[in-house]
Every structure is written in C-alpha cells, then in structure tokens.
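The sequence and structure are shown below.

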Amino acid sequence: MNSIDKQEVNHLEIAEYLIQMIRNGTYAVGEKIPSEHMLCGQFNVARHVARQAIGRITNLGWVTPVQGKGCYVNEIPKTIPYVLSSRTRFSENMDSQGVQHKGKLIDWKKNYPTEREQEQLQLTASEKIYRLEIVRYINDQAISVTTTSLPMDEFPYFNRYLQDFDSLYRILLDHYHLRPIRSKSMFQAILPLLKDAALLEIPESIPIIQMESIMNHPNGTPIEYSISRIRGDMQQYVVEF
C-alpha cells in the first residue's frame, strides 16, 4: 500500500490516507473501512488519534458510522457544472444537463432594507423590499440556500405569485416580462450557520461557498441582490467570458 510514514502520524494524515483509499476504489461504496483498533496498529498511533481521523472523514461526508458495526463508505454526490454568465438561470442550467431540480421557498417577508441591501440595490432606508429564503435542490438533495432581496416598487403584487413557488425567475419572466442580467458575483469560503448546515444536511464545521450577486434590469438598474450559501462538494462553477 501507499502508506504514510508511521513516525509522528497525526489524525489529518490518516484521514487523507483513508480518503485516498476511498477515491481510488480500495474501499468501495457500502464497504466498511478499518476500525479504530486496526488503524492504531497500522499507523502505530493512540486510540484518540484514530478516532479523530474517523471523525474527520465522517464530518466530511465520506463515511457513515453504524452503531456497533463500524463506518461504511458513502456514495459521494456527483459534482454538477454550473455555468456562470450574465444571464445565468438555475433552472435552465440544470435542464440543459438533464438534471432533476427544484426550488422551495421556505420564508419571505416585506421589510426595510439593511445597509448592505440599500447599497447594492441603490435604495433609501425607507424603501421596502421583499426578502426571500429559497432552498434549491438537485436530485432531491439540497445544494444551496439563498437570501434574495427585491425592491417592492419594482414588483407590484409580487406576494400574490409566491403561493405556488417553483422558480423566482419564472415569476419574474411570466408576470413582469423580465430577465435580470448578472452584473457582479463575489465568492468566499465560509463556515455555515447552524440553520444553513441543517438545511444543507452537512456538519457546521465544513466550509461552504458563499456567492453574493447583483442582478440588473436591462437598463442597468439593480433589481435583485442575493447571497447564496452553496455546498462546494456538489457544484462546480464555470465562468464564461
């Protein structure tokens, strides 16, 4: 085997070794990985080091522990390419790849904008917005949680169309004849809030991708500000120039 040096081995090195073995097929999906006791003997480490290594790959989603039986290799979600352009639309992106998808509106409010929303949407503190929380799914697995803000004055009677929510951009196109144009997106790796980790079904200790975006009206006026928190293990962004 391609073993690592047994001198002063730490749990991160053992975790990386196990991940490599899963990736190359040595441990197949559904197969049991070595126990703590076996790892202690293999790498000449204390029990707590082996336990930390297994805990790490469990938190990363590579294995699932079964009480009294050990840890078994998970099926790792396939990464879905997402083409990011000025006219990117989630539904069309997934449809073009034949990927099953859906959007779910979990909350919405009429509210006054935060300072950041005022800045990005060019609003005053007294101009109200719609603020939506949307979870998007690929193959029934939550892939992102998005907070979207829209100026109320731009979208009269908008709340009437939220009852049977399926796609934000379908509402904008069908009822307002509008296709927003992306003007800017900013990416950052962050740790998820507890609520987002629960919705995405990941440990709160695993980093996610935060994408902050501004979408404009064809005349250049900003009309949508969004912050998406995305599972980086399920989506690969492709930027088109």
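This is a predicted model: local features need pLDDT of at least 70, side-chain atom pairs count only at pLDDT 80 or more; totals for chains, interfaces and linings use all residues.

## The enclosed cavity

The lining of the largest cavity consists of Arg-89, Tyr-169, Leu-172, Leu-173, Leu-178, Arg-179 and Pro-180. By class, five of the lining residues are nonpolar, none is polar and two are charged.

The space inside the largest cavity is about 30 Å³. Across the whole structure, a search finds one cavity of 30 Å³ or more.

## The six-stranded sheet

Six strands form an open sheet in the order E4-E5-E6-E9-E8-E7, and their pairing is antiparallel. At the edges lie strand E4 (101–111) and strand E7 (181–190), each of which pairs on one side only. From one strand to the next, the twist averages 15°.

Helix H6, formed by residues 168–176, packs on this sheet and touches E5, strand E6 (141–151), strand E8 (208–216) and strand E9 (222–230). The direction of H6 makes about 125° with that of E5. Strand E5 itself spans residues 129–138 and runs antiparallel to E4, to which 10 bridges join it. Within this pairing, Asp-107 has Glu-133 of E5 as its bridge partner. In general, the strands of a sheet pair through backbone hydrogen bonds.

Beyond its neighbours within four places in sequence, Thr-148 is in contact with Tyr-130, Arg-131, Leu-132 and Ile-134, among others. Its contacts also include Leu-168, Glu-224, Tyr-225 and Ser-226.

## Helix H2 and its surroundings

Helix H2 covers residues 36–43, and among its residues Glu-36, Leu-39, Cys-40, Gln-42 and Phe-43 are buried. These buried residues pack against helix H1 (11–23) and helix H3 (47–59). After H2 comes Asn-44, which has a positive phi near 55°.

## The largest pocket

The largest pocket holds about 490 Å³ of space. Its lining comprises 23 residues, and those closest to its centre are Leu-60, Gly-61, Trp-62, Ile-206 and Asp-233. H1 and H3 are the elements that give two or more residues to this lining.

H1 gives the most to the lining of the largest pocket, supplying four residues. In terms of class, the lining has 11 nonpolar, five polar and seven charged residues.

## The second largest pocket

About 420 Å³ of space lies in the second largest pocket. Of the 30 residues that line it, Tyr-82, Arg-89, Phe-90, Arg-136 and Thr-146 lie nearest the centre. Arg-89 also belongs to the lining of the largest cavity.

Several elements each supply at least two residues of the lining of the second largest pocket: helix H4 (90–96), E4, E5, E6, H6, E8, E9 and strand E10 (235–239). This lining divides into 11 nonpolar, 12 polar and seven charged residues.

Notes:
Residues are numbered from 1 along each chain as its sequence is written. Side-chain values use heavy atoms; hydrogens and water are left out. Two strands pair if DSSP finds at least two bridges between them. Axes are lines fitted to C-alpha atoms, for helices over the stretch in contact, and angles run from 0 to 180 degrees between N-to-C directions. Contact means heavy atoms within 4.5 Å. Buried means under 20% relative accessible area, exposed over 50%, partly exposed in between (1.4 Å probe, protein chains only). On a 1 Å grid over the protein atoms alone, a cavity is a set of points where a 1.4 Å probe fits but cannot get out, and a pocket is an open set with protein on both sides within 12 Å along at least five of seven lines; lining residues have an atom within 4 Å of a point. Grid points are joined across faces, edges and corners, and a volume is the space filled by probe spheres set on the points. Ala, Val, Leu, Ile, Met, Phe, Trp, Tyr, Cys and Pro count as nonpolar, Asp, Glu, Lys and Arg as charged, and the others, Gly among them, as polar.
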